[in-house]
Amino acid sequence: MMVPVRCFTCGTVVAEHWEEFDERANEGDEDPEAVLDELGVERYCCRRMLVSHTDLVDVVSPYQ
């Protein structure tokens with residue numbers, strides 16, 4: 001789950017790409033730049049949001 005859902009700069013929805021990007025780039029052997037290209041994320045601000053995001057939902061809310 002990605003919070004925030006939208007890019008701070010342009011307002012584009014970026015959360016729809018988060019799970020696939022996280023699985024492929026951060027936990028796999030794929031280059032994050034190539035994954036973003038394949039997902040169709042072209043704007044620099046949106047790419048920055050995905051690359052720099054740290055998922056804190058599990059840390060902040062440990063009790064489900």
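What percentage of the 64 residues in the protein chain do buried residues make up? The share is 28%. The model is a predicted one, and every value in this report is computed from it.

**The chain as a whole**

The protein chain contains 4 helices and 0 strands. Read from the N terminus on, its elements follow the order α-α-α-α. A compact globule of 64 residues would have a radius of gyration near 11 Å, and the protein chain, at 12 Å, agrees with that. Along the principal axes, the C-alpha atoms of the protein chain fill a box of roughly 35 × 30 × 15 Å. Among contacts in the protein chain with a separation of 6 or more, 46% are between residues 24 or more positions apart.

**Helix α1**

Helix α1 covers residues 18–26. Its buried residues are Trp18, Phe21, Arg24 and Ala25. Viewed down the axis of α1, these residues fall within an arc of 145°, so they line one face of the helix. The face turned away from the buried side of α1 carries Glu19 and Glu23, which are exposed. The cover over the buried residues of α1 includes α2 and α3.

**Helix α2**

Helix α2 spans residues 32–39. Val35, Leu36 and Leu39 are the buried residues of α2. Down the axis of α2 they fall within an arc of 95°, so they line one face of the helix. These buried residues pack against α1 and α3.

Asp37 also has its place in helix α2. With 48% relative accessibility, Asp37 counts as partly exposed. The C-alpha atom of Asp37 is separated by 22 Å from that of Val3, and the two residues are 34 residues apart along the chain. After α2 comes Gly40, which has a positive phi, near 85°.

Helix α3 takes in residues 44–52. Buried in α3 are Cys45, Cys46, Arg47, Met49 and Leu50. They pack against α1 and α2.

The largest nonpolar core has 13 residues, and those with the most contacts inside it are Cys7, Phe21, Val41, Cys46 and Leu50. Helices α1, α2 and α3 each supply at least two residues of this core. Its largest share, 4 residues, comes from α3.

**Cysteines**

How many disulfides does the count come to? The count comes to 0 disulfides. A disulfide is a covalent bond between the sulfur atoms of two cysteines. For a pair to count, the sulfur atoms must lie within 2.5 Å.

| Cysteine | Residue with the closest cysteine sulfur | Sulfur to sulfur distance |
|---|---|---|
| Cys10 | Cys46 | 3.5 Å |
| Cys45 | Cys7 | 3.6 Å |

The distance from the sulfur of Cys10 to that of Cys46 is too far for a bond. The distance from the sulfur of Cys45 to that of Cys7 is likewise too far for a bond. Cys10 is partly exposed, with a relative accessible area of 27%, whereas Cys45 is buried, at 10%.

Note on methods. Residues numbered from 1 in each chain as written. Predicted model: local features only at pLDDT ≥ 70, side-chain atom pairs only at ≥ 80, totals over all residues. Heavy atoms only, no water. Core = buried A, V, L, I, M, F, W, Y, C linked by side-chain atoms within 4.5 Å. Buried < 20%, exposed > 50% of the residue type's maximum accessible area, 1.4 Å probe, protein only. Arc of directions from axis to C-beta. Contact = heavy atoms within 4.5 Å. Rg over C-alpha atoms; globule rule 2.2 N^0.38 Å.
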